[in-house]
Amino acid sequence: MKKTLITSVLYTIVTAILLGLAYPMLVLGLSHLLFPHQADGSLITRNGKVVGSALIGQAFSGDMYFHSRPSAAGNGYDPTASGGSNLAATSSALITRIDASVAAEKIGNTPVPVDLVTASGSGLDPDISPAAAYYQAPRIAQARHLPISTVNRLIEDHITQRLFGLLGEPHVNVLELNLALDSQSAH
Amino acid sequence: MSLNGWLQITLFITLTLLLAKPMGLYMARVFEGRRTWLDPVLIPCERLLYRLTGVNPNEEMRWTEYCVAMLVFTAATVVLTYVIQRLQVYLPFNPQHLPGVAPALALNTAVSFSTNTNWQAYTPESTMSYLTQMLGLATHNFWSAATGIALAIAFIRGIVRREMKTLGNFWVDVTRATLWILLPISIVLALVYTSQGVIDNLKPYTTATLVQPMTATSTGADGKTTTSTVTTQTIAQGPTASQESIKELGTNGGGFFNANSAHPFENPTPLTNFLEMLSILLIPAGLVVTLGKMVGSPKHGWAVLACMTILWFLGVFTCYWAESQPNPLYHNVDQSNSYMLQSGGNMEGKEVRFGITGSALFATVTTDTSTGAVNSMHDSFMPLGGLVPMVNILLGEVIFGGVGSGLYGIIVFIIISVFIAGLMVGRTPEYLGKKIEAFDVKMAMLFLLIFPLVILGFSAVSLLMPNIGLGSLSNHGPHGLSEVLYAYASAAGNNGSAFAGLNANTNWYNYSLAVTMFFGRFMMIVPMLAIAGNLAGKKITPETAGTFPVTTPTFTVLLLSVIIIVGALTFFPALSLGPVLEHLLLHAGHAF
């Protein structure tokens, strides 16, 4: 028993150093050597300032920008408190929230694409569906005095299709789309 | 449901089954001590490790010694993780200056990670320092997985060996599982994940200037609502990739971030999502082939895999179908599926890049096994969609199952199956030449009974306490019952996923769930090892015409029926008051 105890303690210490320090440091070194941009968070800089990460969503409001999905992370898109709403399909709080989002996003009588009024699992979803992007195009075009075809083409350029035409779902990165929209308007 | 969705699901299961054979044969080589191509690098490491820790690799252990070594080792790792969490404020790699973790939470987390549960009652990005993540938690991902594999191998030896008293050497099995299996695959996967965007650094959190300032509304303690303008976003960082790869490979499932595999830094693309799911099933499916190989009956392995694949399919079909349905309570929302434009369906709690298919498949796979990583919030699933993860856990996580724990779990079900087959024809049951006698069946039943006892017992007690138990619920009506039931099922099954609306960071839930996780792991391992030790001592009975064959479709169907009947008889009443009732009420237009 005493021998088992000593072995257990020694084994814990030695493997903790191997698996808890040496292994993560090896991966850290290799990932910075091979993929430094990704390992540091795929950060986007404009004029020398970090304006966000290509993988982390931001909240947008008003008529000038494409809106992201509702977020349950902190006060909205807070990466220090990621998570979903965890409201059940039968939750009246959820239904009230969805109704409010529908009222805010609705254009004319067309039903709103579902992802635009539902909160994501992470609360940081950087994407919306192509349906949700096209849905907002008329509002953006009007607010920015752009032809709707220009906005639609911008959306089309920013759709990430399924990998190998098979894996995942088509999606549009909202932050990148809005940054492109800003530079389009600046021209 | 869509054609593209079914193509993704078909590709997934095809690759899983194709990988099972090479993986299983490789693991058999590793544990039978035969040559592998990694030997030149790893054998010197192995020898050094034994020398440093005083292990004699040639020492054989009886089942009791094997069990004691496993328990004492686990206790030592629990102490280490508890201490690191409590002291993290004084230790390096804590750029956010996070304070020490509170005792109840630290104990819950240490037990949770050592039992391969990885239940998390905290938000990691605001609770755990980088050192705690690496040295306190990532390490457990390896240790608990390696321990699970070692136990499964010991159980297989119990079947294979004849008239022997020993099951192998615990330290050797854990070491070989770590060095030959877990570590090399983890390194490769971690780098693939980083290439896709999974972060891996030790930087302080990044402050980004928002493109458009945001108005945040918060309600203070006095109930007054205040609005403020937020101009920056604090982006959490950390050594994620190295933990992400072992998180799924070891069927652990503890997220580096609160949102787990829904977080874009843990699971940025459909490719990482697919690889994370594949790596979850890689070892559990492989171990079934290892079983077939080591007992000298590959066909038996495939008969068991067939049973698992059928149960997997039933789960994924139900979950995918349920999540594709529109929520009848939404108005003016387009929930239809369109190949080019949107996945539609129940998108609350799901990520756009994964859609319904990638989320439903992940939810099924993570609960078939003891993983519990999530890429969508199970609490927000449709009632019957959320029923699937719950049922998967309640069936004992034997649909491929956790690394090691899935295999010894299914062997216990096999013992019960051959026992029932034996009763039907009136002969002493046999399993691969070993007579199954009273002691083995008693231990198998103990294994099967502890599980519902802790789940239903603790759920009932929680429901009887209006403040302490029910005060933690975030949803009401039948879904409230589901939240509590899911929590104890997840803890007992060492899964770790949650209907996360339940606020589990209270003293009652932290301590009672810690006890549940402990029972769900060790109170099931002890009877399992007792069976293994007992089987190892038996003679081989030659096969006769009366022996129930364990390689045929009849066997697959019998095993399938036993798993479903045992699970259904035990849990159907509770499930019918939770998700089933909720489904009926939802379609009658009720909200709570």
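This is a predicted model: local features need pLDDT of at least 70, side-chain atom pairs count only at pLDDT 80 or more; totals for chains, interfaces and linings use all residues.
## The domains of chain A

Chain A is divided into two parts, with domain 1 covering residues 2-38 and domain 2 covering residues 41-186. When the centres of domain 1 and domain 2 of chain A are taken over C-alpha atoms, they are separated by 39 Å.

## Strands in chain A

Strands of a sheet pair through backbone hydrogen bonds, and this pairing is either parallel or antiparallel. In chain A, strand β1 (residues 43-46) pairs with β2(A) in the antiparallel sense over 4 bridges, and within this pairing V50(A) of β2(A) is the bridge partner of T45(A). The two strands β1(A) and β2(A) form a hairpin with 2 residues between them, and N47(A), which lies in the turn, has a positive phi of about 50 degrees.

Chain A also has an open sheet of 3 strands, in the order β4-β6-β5, with antiparallel pairing. Strands β4 and β5 (159-160) of chain A stand at the edges and have a single partner strand each, so one side of each is left without a neighbour in the sheet. Between β4(A) and β6(A) the antiparallel pairing runs over 2 bridges, and D127(A) stands opposite N173(A) of β6(A).

## Helix α6 of chain A

Helix α6 of chain A takes in residues 174-186, which makes 13 residues, and from its first C-alpha to its last it reaches 18 Å, close to the 18 Å expected at 1.5 Å a residue. Which residues of α6(A) are buried? They are V174(A), L175(A), L177(A), N178(A) and L181(A). Seen down the axis of α6(A), these buried residues fall within an arc of 165 degrees, so they line one face of the helix. On the other side of α6(A), S183(A) and A186(A) are exposed.

The buried residues of α6(A) pack against several elements of chain A, namely β2 (49-53), β4 (127-128), α4 (130-144), α5 (148-157) and β6 (171-173), and they also pack against β3 (206-219) of chain B. The packing of this helix therefore involves elements of chain A together with a strand of chain B.

## Where the two chains meet

The contact between the chains involves 108 residues of chain B and 94 residues of chain A. On the side of chain B that touches chain A, β3(B) gives the most, with 9 residues. The residues on that side of chain B divide into 55 nonpolar, 43 polar and 10 charged.

The two chains are also joined by strand pairing, in which strand β3 (residues 112-113) of chain A and strand β5 (residues 333-334) of chain B pair in the parallel sense over 2 bridges. In this pairing, the bridge partner of V112(A) in β5(B) is V333(B).

## Residues with a positive phi

Most residues other than glycine have a negative phi. Against that background, S42(A) has a positive phi of about 50 degrees although it is not a glycine. S42(A) is placed in the loop between α2 (36-39) and β1 of chain A, and it counts as buried because it has 21 C-beta neighbours inside 10 Å, where 20 or more are needed.

In chain B, N494(B) likewise has a positive phi of about 50 degrees without being a glycine. N494(B) lies in the loop between α14 (478-492) and α15 (507-536) of chain B, and with 30 C-beta neighbours inside 10 Å, N494(B) counts as buried.

L275(B) is found in helix α8 (residues 270-294) of chain B. Because it has 19 other C-beta atoms within 10 Å, L275(B) is partly exposed. Leaving aside neighbours within four places in sequence, L275(B) is in contact with L189(B) and V192(B). L275(B) and T369(B) are 94 residues apart in sequence, and from C-alpha to C-alpha they are 15 Å apart in space.

P527(B) lies in helix α15 of chain B. Is P527(B) buried or exposed? With 20 C-beta neighbours inside 10 Å, P527(B) counts as buried. If residues up to four places away in sequence are not counted, P527(B) touches M443(B), L446(B) and F447(B). The C-alpha atoms of P527(B) and W312(B) are separated by 27 Å, and these residues are 215 residues apart along the chain.

Methods: Residues are numbered from 1 along each chain as its sequence is written. Chains are lettered from A and ligands numbered from 1 in the order in which they are written. The expected span of a helix is 1.5 Å times one less than its number of residues. A residue is buried if 20 or more other C-beta atoms lie within 10 Å of its own, exposed if 12 or fewer, and partly exposed in between; C-beta atoms are placed from the backbone. The arc is that of the directions from the helix axis to the C-beta atoms. Two residues are in contact if their C-beta atoms, placed from the backbone, lie within 7 Å. Ala, Val, Leu, Ile, Met, Phe, Trp, Tyr, Cys and Pro count as nonpolar, Asp, Glu, Lys and Arg as charged, and the others, Gly among them, as polar. Two strands pair if DSSP finds at least two bridges between them. Domain bounds come from an automatic or database domain assignment.
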